[in-house]
Amino acid sequence: MVVILVSNDKKRVMLTLTKEVADDLEKNAKSMGLSKSALITSWINENRKESEQKK
């Protein structure tokens, strides 16, 4: 059985990136088996945790 969790509290955002940054994002996400959104979310959450630890 496959269970897919979908959050109702998501907000769609649009980013403008240079081609180089967009390509790097795509490569990183693919290499980790994540979507670009999942990878960015992971990076933001990691940064948030690090910031909270510094307080």
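These notebook entries record what I looked up in the predicted model above.

**Entry 1: ground rules**

I noted that residues are numbered from 1 along each chain as its sequence is written. Because the model is predicted, I took local features only at pLDDT of at least 70 and side-chain atom pairs only at pLDDT 80 or more, while totals for chains, interfaces and linings use all residues, and side-chain values rest on heavy atoms, with hydrogens and water left out.

**Entry 2: the chain as a whole**

I looked up the secondary structure and found 2 helices and 0 strands in the chain. Helices are DSSP runs of H or I with at least four residues, strands are runs of E with at least two, and both are numbered from the N terminus. I then looked up the surface: its accessible area is about 5,700 Å², and 54% of that belongs to carbon and sulfur atoms. Such areas come from the Shrake-Rupley method with a 1.4 Å probe, and for residues only the protein chains shown count as cover. Of the 55 residues, 5% count as buried. Here buried means under 20% relative accessible area, exposed means over 50%, and partly exposed lies in between (1.4 Å probe, protein chains only).

**Entry 3: helix H1**

Just after H1, I found Gly33 with a positive phi of about 70 degrees.

I also looked up Asn28, which is placed in helix H1. Asn28 counts as partly exposed because its relative accessibility is 33%. From C-alpha to C-alpha, Asn28 and Leu39 are 8.0 Å apart in space, although 11 residues separate them in sequence.

**Entry 4: salt bridges**

Side chains of opposite charge can pair when their charged atoms come close. I used the rule that a salt bridge is a side-chain nitrogen of Lys or Arg within 4 Å of a carboxyl oxygen of Asp or Glu. How many salt bridges does this rule give? The count comes to 3.

- Lys19 pairs with Asp23, and their closest N and O atoms are 2.8 Å apart. Both residues lie in helix H1, 4 residues apart, about one turn of the helix. Lys19 is exposed at 63% relative accessible area, whereas Asp23 is partly exposed at 31%.
- Glu26 pairs with Lys30 at 3.7 Å, N to O. These two also lie in H1, 4 residues apart, about one turn of the helix. Lys30 counts as exposed at 63% relative accessibility, and Glu26 as partly exposed at 28%.
- Glu26 also pairs with Lys36 at 3.3 Å, N to O. Glu26 lies in helix H1 and Lys36 in helix H2, so this pair ties together parts that are 10 residues apart in sequence. Lys36 is partly exposed, with a relative accessible area of 41%.

Through shared partners, salt bridges join Glu26, Lys30 and Lys36 into one network.

**Entry 5: a nonpolar patch**

I looked next at Val13, which lies in the segment before helix H1 (19–32). Val13 counts as exposed because its relative accessibility is 62%. Together with Leu15, Leu17 and Val21, Val13 forms a nonpolar patch on the surface, with about 370 Å² of accessible area in total. Patches are made of residues with over 30% relative accessible area and no salt bridge; nonpolar side chains (Val, Leu, Ile, Met, Phe, Trp, Tyr) are joined within 5 Å and like charges within 9 Å.

**Entry 6: the largest pocket**

Which residues lie nearest the centre of the largest pocket? I found 14 lining residues, of which Lys11, Val13, Lys36, Ser37 and Ile40 lie nearest the centre. H1 and helix H2 (36–54) are the elements that give two or more residues to this lining. H2 gives the most, with 5 residues.

A pocket is found on a 1 Å grid over the protein atoms alone: it is an open set of points where a 1.4 Å probe fits, with protein on both sides within 12 Å along at least five of seven lines, and lining residues have an atom within 4 Å of a point.
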